[in-house]
Amino acid sequence: MNSRSTSPVLRFLTEFRAAFLKDLRSYVRYPAWIVGEFISTPLWFFFFALGVTLFAPTSFSPGSSQEGGISFFFFGFVFIILFSTGVWGIGQTVRNEQMAGTLEQFFLSPANRVTLIIGRWARIFLTDALIIGYTTLLLYLIWGGLVTLYDPMLFLLSLGLYELGLVGFGLFFAGLTMRFRSYNTISNLVFFGYMFLTGALFPISIIPIPIRYLSMAIPFTYFNDLVRHAALATPTILPTALEYAATLLLSVGMLVLGLVAFKKIEDDARVRGTIATS
């Protein structure tokens with residue numbers, strides 16, 4: 001139990017564990033949903049991957065100048081799953097509490113709201129990791145190990161930077177649920193924009209020049225590019241060292257901005273009395 005004498009780290013870990021277990025218990029109450037999620041999510045990947053096998057190379061070799069194939073598309077599948085965690089997982093935490101009728105408890109709890117949201121993110125990240133691992137195994141059994149990691153350590157580093165920025169982005173979206181009623185419309189627009197503008201499913205080099213400038217201004221373009229570079233040895237948009245430095249700054253900056261934005265929106269909603277509106 002937390003008290004004023006509890007250290008901030010111990011308090012965070014205690015609240016994080018409670019939030020994670022609370023969301024996990026809620027998740028396992030719906031086994032049909034779990035089965036459907038583990039079937040439908042890989043299924044849409046294999047549906048589109050079938051088209052990739054007909055019109056694109058089936059593998060990607062390090063150092064190759066040709067982008068494409070199942071390996072490239074597979075990481076697009078990974079990016080979409082992870083990004084959806086930020087938009088609909090972290091971002092809809094407040095909305096889910098509204099729908100469950102527990103919003104008052106969520107805001108009256110002595111626990112930090114950000115910690116509660118991060119606990120939910122951890123549960124969803126665990127589920128996503130299981131689905132991605134399960135899909136990778138199926139891909140190996142069906143096509144024979146097309147997905148490999150060119151540099152595992154750099155892959156973990158770049159994935160960590162991606163997730164750091166994603167948490168900040170998700171916190172910003174969680175704040176939006178207290179400000180806008182048309183949250184689903186906004187999240188859908190952002191999600192489809194992510195798919196087509198950040199190089200998630202195809203190289204941004206094929207995007208027309210005027211629109212490509214917009215892609216280059218989106219932080220997730222560099223997150224995607226760096227993760228794929230570490231996994232498949234694809235060339236980076238910027239010089240490699242510069243892209244790592246830029247991605248580090250972007251990920252930390254997005255996390256800080258997300259924390260500040262969420263706190264500011266929460267405080268404004270408390271003053272206006274609009275937290276419970278839907």
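The questions and answers below go through the helices of a predicted model.

Biologist: What do the numbering and the confidence limits rest on?

Modeller: Residues are numbered from 1 along each chain as its sequence is written, and side-chain values use heavy atoms, with hydrogens and water left out. In this predicted model, totals for chains, interfaces and linings use all residues, local features need pLDDT of at least 70, and side-chain atom pairs count only at pLDDT 80 or more.

Biologist: How many helices and strands are there in the protein?

Modeller: Helices (H or I, at least four residues) and strands (E, at least two) are DSSP runs, numbered from the N terminus. Along the sequence the pattern reads α-α-α-α-α-α-α-α-α-α-α. The count is zero strands and 11 helices.

Biologist: What share of the 278 residues counts as buried?

Modeller: Buried means under 20% relative accessible area, exposed over 50%, and partly exposed in between (1.4 Å probe, protein chains only). Accessible areas come from the Shrake-Rupley method with a 1.4 Å probe. The accessible surface totals about 14500 Å², with 70% of it on carbon and sulfur atoms. The buried share of the 278 residues is 45%.

Biologist: Among contacts with a separation of 6 or more, what percentage joins residues 24 or more positions apart?

Modeller: Contact means heavy atoms within 4.5 Å. Of the contacts with a separation of 6 or more, the part from residues 24 or more positions apart is 74%.

Biologist: Are α7 and α10 roughly parallel or roughly antiparallel to each other?

Modeller: Axes are lines fitted to C-alpha atoms, for helices over the stretch in contact, and angles run from 0 to 180 degrees between N-to-C directions. Angles under 35 degrees count as roughly parallel, over 145 as roughly antiparallel, 65 to 115 as roughly perpendicular and the rest as oblique. The axes of α7 (residues 152-176) and α10 (residues 219-232) come within 8 Å and cross at roughly 160 degrees. The two helices are therefore roughly antiparallel.

Biologist: How many residues in the contact of α7 with α10 are charged?

Modeller: From α7 the contact includes L154, F155 and F169, and from α10 it includes F220, F223 and A231. The residues divide into 13 nonpolar and three polar. Ala, Val, Leu, Ile, Met, Phe, Trp, Tyr, Cys and Pro count as nonpolar, Asp, Glu, Lys and Arg as charged, and the others, Gly among them, as polar.

Biologist: Are α7 and α11 roughly parallel or roughly antiparallel?

Modeller: The axes of α7 and α11 (residues 240-272) come within 7 Å and cross at roughly 25 degrees. The pair is therefore roughly parallel.

Biologist: Which residues does S187 touch, not counting those up to four places away in sequence?

Modeller: S187 lies in α8 (residues 183-197). Its relative accessible area is 0%, so S187 is buried. Its partners are V87, W88 and F173.

Biologist: What is the phi of A233 near?

Modeller: A233 sits in the loop between α10 and α11. With 16% relative accessibility, A233 counts as buried. Most residues other than glycine have a negative phi. A233 has a positive phi, near 60 degrees.

Biologist: At roughly what angle do the axes of α10 and α11 cross?

Modeller: The contact includes P219 and H229 from α10, and T240 and M254 from α11. Its residues divide into nine nonpolar, four polar and two charged. The axes come within 10 Å, and the angle is roughly 130 degrees.
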